[in-house]
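Work through the exercises below with the sequence and the model side by side. Try each task before reading its solution.

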Amino acid sequence: MNAAIRLPVEQAYASELQALARGDDKQKPAGWSLSPKAVLTYLLGGKASDGTLITPKYVGRRRLMETAVATLATDRALLLLGVPGTAKSWVSEHLAAAIMGDSTMIVQCTAGTDENQIRYGWNYARLLAKGPSQEALVPTPLYRAMQDGKLCRLEELTRMGSDVQDTLITVLSEKMMPIPELNTSIYAQRGFNIIATANNRDKGVNELSSALKRRFNVVVLPLPEDMAQEVSIVSKRVGEMAGGLDLPVPKNVAEEIARVLTIFRELRSGSTADGKVTLKTPSGSLSTAEAIATMVGGLSQAAWFDGGKLGAEGLAASLVGAIVKDPVQDKIVLEEYLETVLKKRPDYAGYYAALNAAI
Amino acid sequence: MKHSDIAYFGIRHHGPGSADSLVQALQELRPVAVLIEGPSDASALLPLLARPEMQPPVALLCYPQDDPASTSFWPFAEFSPEYQAVLWAVGNKAALRFIDLPSSARLPAEAMDTAQNTDAAEASEVTEAGDDEDPHRRDPIGTLAHAAGYEDGESWWSDIVEQNPEPGPIFAAIADAMTTLREGEGSIAKFEARREAHMRLEIAAARKEFDGPIAVVCGAWHVPALQATHVQKTDQALLKGIARRKSTMTWAPWTGPRLASGLGYGAGVVAPGWCKHLWRTRGRHDGATLWLAMIAAVLREKGHLISTASLIEAERLARALAAIRERPKPGFEELRDASVAALFNGEALLWALVGAELLLGADVGEIPPDTPLAPLIEDLQRNQKAARLKPEALERELSVDLRSESGLFRSTLLHRLNVLGVHWGKLTDAGRSRGTFRERWTLAWEPEYAVRLVENLVYGPTIEKAANGRLTQMVGAAATLDTLAALVQGAITADLSEASSAGLVALEARAAHSSECLEILASVPPLADIIRYGEARKTETNRLSGLMERLIVEAAIALPYAVRDLDQQAAAALVGALRKADEAIRLVEPGDDVLSGWRDGLAAVLDGPRSTALLAGCAAHLLYEAGQLSAEAAAGLLGRRLSPGTPVSDAAGFFEGFFSTAGQRLIYDEGLRGAVDSWLKSLDEEAFVAHLPLLRRVFSNLDSMERRRLIEAVLGRAARLPAGLTPAPDGGEAWRRHLERLGPLLMGGGDG
């Protein structure tokens, strides 16, 4: 029995992948374990040829996934962009699992990531004992992916410094990596490619240089398009998180989720749900993930301080925190929203009062 | 009886793919006569289409002589199969004929409700395209393409052609598919049945007349019905009893965007620009590359850096996508998705930006100068008759009374012509006209106005529609709130409901995004004018009031931030706008909560520690006038703001802001006068001298009489208002209004 909290997806969904592989007689690009068509079925759900049910991994526009798969089929690198909580890493992991059967070649990029973690590092004991040699070289996931013709995943690409990012340019355009210390290079084997993810809303990240950007095809993953879909995602996650934190879930949580999401979606999209009033949008992203955090904050407040009652008063502080990221601009946006929209909605009277008090 | 072969070519209206296949098929068939779906009484106009001066897009216009508002259009683009068929027929000396119901039989109102289902004929108004319109009847080939998973019918057509290189069988296959599609249909509308009967009869007549092959070019939907054998007598019976009105026909220049189905032309195409591109690159293999290069050119024009290498990548991705979607070559969707991923950095919004330019195109057609008379000129002549106004080159004065129907009609006509750039009438008292029901015009007709009217034909066939169209376009181009507000005011004055509602929508959207306080304030007065004086023009103002209240709330929220730390020039501009907006707000009398919101905003300006003194003074004055600040509070405030501790320049600014339009108040308002008096006395000589110009400026607003009374008041000799009476805050304004009413009465008051 495996006690791991979470298995890599190629193991968790092994039966689906096997079923797809069995019935897959279409042409496969070099190094791929499934044909592009089968990869799409794996991502978007459907049925394998032997009738095995394939669960959808990504709920959203088919066109985006088609572009992503087609990009990887052309040996071009793929960059998945989106605000936090739009399933970028999730899609990247499943793509790698379906295409290569291996999603574990991964580099988590951070501000502290240096070139040694991208290209190759050294085993210093050996380096000192024997000088630079192949044995003293420590390969990185990228190095190994090139060597074995696999997919390498780079998470949060824009978090690492621009100088480190740019080491990828040669790898992407010439498919090789020089190792000057050994006066040699490694050449990527067929099947090698990169899937990177990055956040396109955060401030203070290292913008990709245009030279590097040009080497990626970019797919932007949008926030959920319809309200019902988003409500179900939030309800599910809030339920899970509340369970994990041992928070009781009050009965009216569904109504409050719908109200909070309405506020989020209206501010995010810049118009009211009925499309009648156009609004200014605040500087923050107001993603689904933030809606979840707001709700969990509200639940915690209700459980510990408000005697288990979830209401506008408890949620107002987290809501203001999520909406007002810039103290001047966003405050005007929120005030205007309160005065022109919420004030006129009787069922939001509590939110109108509580938010007004909180700002 | 002569024997003739009849070939039916079921085409897609404005489909470059079917145009290409059609030309090839015609070359092969070499028919002696070409019959085209179109109003049969316009056949004589057809050869004009092949004239070199005729540059598509152009449209055939048919309208009843007495009612140009119900004009029908038949637009032709370079890539329209019908246009290519005409070119072929003229070039190859084949007989050419329209075979559909004559336009005279399809114009009356009874046909209107059914006309919406016609494919080539589309009534000009969006509203006339009914909700029950059947997309698969209008564009059955598009329906087939959708069923096959294509978004773009043209890509589907070209893929089909790719797989079937012989042109002949394609049309046979289309006819087959249509037969299947129509089998499921019940009986068709009477109007449709009549059209098809008419076409059948015309084909039968042509069969008798011509010896040799005949080509019938019609919408794919009609092919099965035209091929089927019907008894001629039944067809003739169907056509009996159609009401007819004499109709006039002519050609008019058209524009690329108006071919687009999104803009109200029912049988239009989604993307005329894409169709044109397909037509121009037909038979070439680098169409996709050229399309990507065009995208790149537009992007570069907008300042994006697009390298050639990216273009190569975009094309590779498009090919890979086509392979995944199992299509023979990249079509519209593949190219779009690939350019979004490889050229736009995944930003689909950018595509929308480029799309409008690329997909709609900016083509404007041309017509030969000797084309028959344009409907706009006819419409003007009719309107002139109705308004009893003659175009005269010599200047002539005209005064109209907006309360009478004829006066309103005249004024509306002149305003609309002005929108079209035909300045036949010039408003002589434009600035002061708003409060009155009288307008004074100077009329003078210039010959060039006729030419202008013809140019305006692209916007619509009647003066009303053209003015609507043109103003709507201006609304689309307007960038700031105040221009938009002025345009809406113009639209309402000229009674152009379409343009004014488009303007209101734009205004609402712009109002939401604007945080520029000055801009919001400047947009308030024109809107207030419309609301306040709207009754004179019988406009509906509910929607406007909502927008107005919203603007007031927004301005009130933005104001306290906008007044911080301004230099002299900016402060002066803002004060002007603020006063005008406040006056306008008092005029429209908004709801209490809105009004109090506005006053809260003013109070925040007054209390804000960083507010520019001039604006704080102005806000204090406005609050005082509105009765929100009692005399004692105002005196206290003045004393504090003007006290020795305040920097002299700030005190002076506050003073100017408060009194620049309120000098008269000092005569009557003892409390205020006392506060000012003591401030003045507290100044040392140097500061006093420094302030003299300012004081002069403030008091120069008073005439000599008022100044004398002020001096008397200061010296304690003034006649006071009886105790308990205070001057009405808007006394000056009310007096002006009374004068305006009284003036005409005193002058004899008749109709001018």
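**Exercise 1. How many helices and strands are there in chain A?**

Chain A has 17 helices and 11 strands. Helices (H or I, at least four residues) and strands (E, at least two) are DSSP runs, numbered from the N terminus.

This is a predicted model, in which local features need pLDDT of at least 70 and side-chain atom pairs count only at pLDDT 80 or more, while totals for chains, interfaces and linings use all residues. Residues are numbered from 1 along each chain as its sequence is written, and chains are lettered from A and ligands numbered from 1 in the order in which they are written.

**Exercise 2. What percentage of the residues of chain A count as buried?**

Step 1. A residue is buried if 20 or more other C-beta atoms lie within 10 Å of its own, exposed if 12 or fewer, and partly exposed in between; C-beta atoms are placed from the backbone.

Step 2. By this count, 42% of the 359 residues of chain A are buried.

**Exercise 3. Find the non-glycine residues A:D75 and A:N183, and state where each lies.**

Step 1. A:D75 is not a glycine, yet its phi is positive, about 65°. Its place is the loop between α4 (62-73) and β3 (77-82) of chain A. With 17 other C-beta atoms within 10 Å, A:D75 is partly exposed.

Step 2. A:N183, also not a glycine, has a positive phi of about 55°. This residue sits in the loop between β8 (176-179) and β9 (184-187) of chain A. A:N183 has 8 other C-beta atoms within 10 Å and is exposed.

**Exercise 4. Which residues of helix α27 of chain B are buried?**

Step 1. In α27 (residues 631-641), the buried residues are B:A634, B:A635, B:L637, B:L638 and B:R641.

Step 2. Viewed down the axis of α27(B), these residues fall within an arc of 160°, so they line one face of the helix. The arc is that of the directions from the helix axis to the C-beta atoms.

Step 3. An α-helix has 3.6 residues a turn, so residues three or four places apart point the same way.

Step 4. B:E632 and B:R640, on the other side of α27(B), are exposed.

Step 5. The cover over the buried residues of α27(B) includes α26 (613-625), α28 (648-659) and α30 (670-682) of chain B.

**Exercise 5. In what order do the 4 strands of the open, parallel sheet in chain B stand?**

Step 1. The order is β1-β7-β2-β5. Two strands pair if DSSP finds at least two bridges between them.

Step 2. β1 (6-11) and β5 (95-100) of chain B are at the edges with a single partner strand each, so one side of each has no neighbour in the sheet.

Step 3. Direction ignored, neighbouring strands of this sheet are turned by 30° against each other on average.

Step 4. β2 (residues 33-39) and β7 (residues 214-219) of chain B pair in the parallel sense over 4 bridges. Here B:A33 stands opposite B:I214.

**Exercise 6. What is the bridge partner of B:L398 in β11(B)?**

Step 1. Strand β9 (residues 396-401) of chain B is joined to β11(B) by 6 bridges, and the two run antiparallel. The partner of B:L398 is B:W441.

Step 2. Strand β10 (residues 425-427) of chain B is also antiparallel to β11(B), with 3 bridges.

Step 3. B:W441 belongs to the covered face of β11 (residues 438-443), together with B:E439 and B:L443. The uncovered face holds B:R438, B:R440 and B:T442.

Definitions and conventions
Two residues are in contact if their C-beta atoms, placed from the backbone, lie within 7 Å. Axes are lines fitted to C-alpha atoms, for helices over the stretch in contact, and angles run from 0 to 180 degrees between N-to-C directions.
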